[in-house]
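Me: I would like to go through the labels attached to this model and see what each one rests on. Please set the values against the cut-offs.

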Amino acid sequence: MTRIASQRFLENLFLYLSFAVLYSVALGSLPPRLELFEEWVNFYLPLLDKPLSIQLKEYISIRPNDSNQSVNAPIWLGLVYMFRAITGDVLVGTRLPSILLSALSPVLLAEFVRRFYRKDLALLAGLALGSQQLFMTFARTGGYIAPTVSLLLGILLVSGMIAFENNRKAWIALVVMLAIAPFFYSTIRYYELLGLALIAYRFLGSAEFRKKHLAPLLVSVVVLSGVAFALTEGGKRYVAMMYISARGEQFLLPDKVMLRKEGIDSQELTGQIEKVLTTRVPEQLSQLVPFYQNGKRFVNYRLWQRHDGLWNSLRPWFLWLLVLGAVRCLFLSVKQHRYLLPLVWSVWAWLPLLVTTGITPNRMLLGLPADLFMMLLALVLPMDLARRYIRQELVTKALYLGALGCVVWGGYVTTTIYFQDYISYPGL
């Protein structure tokens, strides 16, 4: 048991240090115009000189503010302020908090896969996510988009500990993460429902589970209701609706509706919904297919444009691995229902976007762990078949090493191209 725990610790430490160091390399080579957070820092830091009441109104709020950004900064302000005090007024200090939080994502995905799916795929999953080009791009350019993946994986991990391991103490961590979710990327507002769905599924299916977890559930609801009451400025309905609508980013509930205090006109809302369903949704669906076919789902295609030969040879494999992995999850879910989660997670990455601002890499980023896990299930299929029919350990080990080699090689190629292009073509 000690040996297993030690191996798990070493794997997680390896993943974290590897990607924390990788993401920190040549931060100065990133074009300043790609910075995602500097403007927000310049807005928030001067507020430190204002009265505490004004600071709290700006920092701890889910309203839009004068920075016109969708994050209010009690978490980010503290982190960035601390690092900039050490590094000075430079972009490196702004980007390091994002890097340190983003590097947790490979670790959390590995732990999630190890606990609830397959131990032999844990390291592969962490390596695949950490070296994924889009994830690395957002981790290195500051801001809160890539760190929100860490928050989602944390929510799913502790939700799984509650649902699958009957761990009552995990409720504490879940409440803390749900409480800070409003200050992260707005997509977390519907992604976090995946974790809650796991717990709801167990509540509906097991009387014993309900008996054991009813008390912590009620306490969690009371605590989170208090947080919601504070963030909605005393339970103001239009402020709550503003949060649900992601501050007006949804086409169903646009800004002009959200910002009205007197209520929503039912006839106007009906007309808005009809317009979205007949016009917007078909438009968004037309963007979804090429998003996968052209490879934007898997890598930053802007960087791959200079490597067309290699990219064109790899692009079909990515898509087919995802399709095969999805089919395999469907079959595995017949005996183990938890394999439905990656499928639902992957679909949930784009389904809400049909009524919001569109199919884009940043809004789809939180669905990457699910897609990569399904692709891994497809990649190791030969190993699993060999284990079932050939029953020779040497063969399955060789096939596993082959899968590991594919993940390592793919990560090396994508990261190499990423760094080469940003240094060679800073105008990208």
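This is a predicted model: local features need pLDDT of at least 70, side-chain atom pairs count only at pLDDT 80 or more; totals for chains, interfaces and linings use all residues.

Me: Why is α9 called roughly antiparallel to α10?

Reply: The axes of α9 (residues 145-165) and α10 (residues 170-180) cross at roughly 150 degrees and come within 9 Å. Angles over 145 degrees count as roughly antiparallel, so α9 is roughly antiparallel to α10. The crossing of α9 with α10 is left-handed.

Me: What makes up the contact of α9 with α10, by class?

Reply: From α9 come Leu151, Gly154, Ile155, Val158, Ser159, Met161 and Ile162, and they meet Ala170, Trp171, Ala173, Leu174, Met177, Leu178 and Ile180 of α10. Twelve of these residues are nonpolar, two are polar and none is charged. Gly counts as polar under the definition used.

Me: How do you know whether α10 and α13 are roughly parallel or roughly antiparallel?

Reply: Helix α13 covers residues 207-231, and its axis crosses that of α10 at roughly 20 degrees, the two coming within 10 Å. The cut-off for roughly parallel is under 35 degrees, and α10 and α13 are therefore roughly parallel. The crossing is right-handed. On the α10 side the contact uses Trp171, Val175, Leu178 and Ala179; on the α13 side, His213, Pro216, Leu217, Ser220, Val223, Leu224 and Val227. Nine residues of this contact are nonpolar, two polar and none charged.

Me: What makes the charged end of Arg338 count as sitting over the ring of Phe164?

Reply: The charged end of Arg338 is 4.2 Å from the centre of the Phe164 ring. The distance limit is 6 Å, with a further condition on the angle to the ring normal, and Arg338 is listed as sitting over Phe164.

Me: Which cluster of rings includes Phe164?

Reply: Ring pairs join Phe164 with Phe112, Phe116, Tyr117, Tyr339, Trp345 and Phe373. The structure has 16 aromatic pairs.

Note on methods. Residues are numbered from 1 along each chain as its sequence is written. Side-chain values use heavy atoms; hydrogens and water are left out. Rings of Phe, Tyr and Trp (its six-membered ring) pair if their centres lie within 6.5 Å; planes under 30 degrees apart count as stacked, over 60 as edge-to-face and the rest as tilted. A charge sits over a ring if NZ of Lys or CZ of Arg is within 6 Å of the ring centre and within 35 degrees of the ring normal. Axes are lines fitted to C-alpha atoms, for helices over the stretch in contact, and angles run from 0 to 180 degrees between N-to-C directions. Helices (H or I, at least four residues) and strands (E, at least two) are DSSP runs, numbered from the N terminus. Angles under 35 degrees count as roughly parallel, over 145 as roughly antiparallel, 65 to 115 as roughly perpendicular and the rest as oblique. A crossing is left-handed if the near helix is turned anticlockwise from the far one by less than a right angle, and right-handed if clockwise. Contact means heavy atoms within 4.5 Å.
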